[in-house]
Amino acid sequence: MAIVEKADRIKNLPPYLFAKIDQMKGEMEQKGAYIIDMGVGDPDLPTPPHIISALQEAALDPKNHCYPSYIGMLAFREAVAEWYQKRFGVSLNPKSEAITLIGSKEGIAHIPLAFINPNDIVLVPDPGYPVYITATMFAGGSSHFMPLLKENNFLPDFSAIPEETLKKAKLMFLNYPNNPTAAIADLSFFEEAVKLAHRYQIVICHDAAYTELCFDGYTPPSILEVPGAKDVAIEFHSLSKTYNMTGWRIGFAVGNQDVIAALGQVKTNIDSGAAQAIQIAGITALRGDQNCLTEMQKIYQERRDVLIKGLKEAGIEAVAPKATFYIWAMIPPGSTSTDFAARLLTEAAIVATPGVGFGKSGEGYIRFALTVDKERIAEVVKRIKDLKL
Ligand SMILES: Cc1ncc(COP(=O)(O)O)c(C=O)c1O
């Protein structure tokens, strides 16, 4: 034990629900089990070579060895603005409406510090990426959960949020394509969200980390395509999943210039910006040949199809998602998601994430990440069928 007690904000963190799974995984590994891990959303595919070459070259230049700018290189932000124009038809001023992040998680974790005073409310999707809740807690705020239910296509029902809560809310996190449900949102949903944010003066923080992992000809929109969105919204983006760069830590936020500036103010006092060589590699990723992305989409789509077909045959209900590399499958009745995940691990050496780990409304589901190859997914299917659920 440390000689000083931990701060309440650490002590009050929600229990680490994956701890049990991690421990069991370790025990299974010690026994020599061949574990197939579909738990973590970290791409198994390498960063495309032309991006690596750009980093190698940039790393040799002493200009890139010093502290970077807090808000990011203008050249990177210009590449972001160009990419947004091309991809979404959204115009951005790279000087004021874009900021470089050390991965989108960094920006998501810091944004409540810019707007949340003790007891302020943040609207948070349930289930959702856990950082929305912990970042809110660290800023002293409290989360109001917006359940994402199957009957609402895993979109929040804004009409279910009490008027008083809406009046007090300062921020709202949204995330489409969604982790963990793999649900998508169309522009009419974003229009509704923007209208609500205007009416109640709420900043929307849209987490768009998965917009490029899409299938079947579907291309997810940006919330910034909605007229007037820039008055109330910012969008977090990441190169992590789009270009298999999770380890490089590079992302960005774009949108409302005052919100972007406030995030910049927090960052100025906490970190010293993303490494320049990595931003230069990021420019190459955003401006370069996008064939790598098409190839990657094809690979995930094939994996998705193998798993969905197999789960169906095994009697597990799951819809083939149009985006993200997650499968949100319903667990057989009579078991909790944690127990079912434990059973998959101990009886079939498969790691998948229990839905409840993402929030109360995630109970009844299990999440598979398509981050292992097709052959191993076929093996996963075989093992699940052998369980005779
Ligand atoms: C929904 C969501 N948002 C943000 C992130 C963070 O990504 P990064 O910090 O690598 O940009 C993740 C990573 O898994 C995620 O699932």
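A residue is called buried when its relative accessible area is under 20%. The model before you is a predicted one. In this model I204 has a relative accessible area of 0%, and therefore counts as buried. I204 belongs to strand β6, which comprises residues 203–207. The C-alpha atom of I204 lies 8.1 Å from that of E235, a residue 31 positions away in sequence.

How many disulfides does the structure hold? The number is 0. For a pair to be counted here, the two sulfur atoms must be within 2.5 Å. Consider C292: the closest cysteine sulfur to its own is that of C214, and the separation is 13 Å, so the two are too far apart for a bond.

I move next to the ligand. There are 14 residues around the ligand, and those that come nearest are D207, S238, S240, K241 and R249. A side-chain N or O atom of R249 is 2.7 Å from an oxygen atom of the ligand. A polar backbone atom of S104 sits 2.8 Å from a ligand oxygen, and for K105 the corresponding backbone distance is 2.9 Å.

My next topic is the second largest pocket. Its volume is about 440 Å³. Which residues lie nearest its centre? They are N153, F154, T181, A183 and V319, out of a lining of 24 residues. By class, 16 of the lining residues are nonpolar, 3 are polar and 5 are charged. As for secondary structure, helix α8, residues 187–200, and strand β9, residues 326–330, each contribute at least two residues to the lining. Strand β9 gives the most, with 4 residues.

F154 has a positive phi of about 60°, although it is not a glycine. F154 is located in the loop that runs between β4 (142–147) and α7 (163–168). With a relative accessible area of 14%, F154 is buried.

N244 provides another case. Its phi is near 50°, again positive in a residue other than glycine. The loop that holds N244 is the one between β7 (233–238) and β8 (251–255). N244 counts as buried because its relative accessible area is 9%.

Where do we find cis peptide bonds? One joins D126 to P127, with omega near 5°. P127 is in the loop between β3 (121–126) and α6 (131–138). Another joins Y176 to P177, with omega near -10°. P177 lies in the loop from β5 (169–175) to α8.

Let me now consider a polar contact within the protein. D271 is placed in the loop between α10 (257–268) and α11 (276–287). A polar atom of the D271 side chain lies 2.9 Å from the backbone nitrogen of G273. D271 is buried, its relative accessible area being 12%.

M38 sits in the loop between β1 (36–37) and α3 (49–60). M38 has a relative accessible area of 0%, so it is buried.

P94 has a relative accessible area of 18%, so it falls under the 20% cut-off and is buried. The C-alpha atom of P94 is 7.0 Å from that of L74, which is 20 residues away along the chain.

Thank you for your attention.

Key:
Residues numbered from 1 in each chain as written. Predicted model: local features only at pLDDT ≥ 70, side-chain atom pairs only at ≥ 80, totals over all residues. Heavy atoms only, no water. 1 Å grid on protein atoms, 1.4 Å probe; cavity = no way out; pocket = protein on both sides within 12 Å on 5 of 7 lines; lining within 4 Å. Points joined across faces, edges and corners; volume = space filled by probe spheres on them. Nonpolar A, V, L, I, M, F, W, Y, C, P; charged D, E, K, R; others polar. Near = heavy atom within 4 Å. Polar contact = N/O pair within 3.5 Å; in protein donor to acceptor, adjacent residues only side chain to side chain. Buried < 20%, exposed > 50% of the residue type's maximum accessible area, 1.4 Å probe, protein only.
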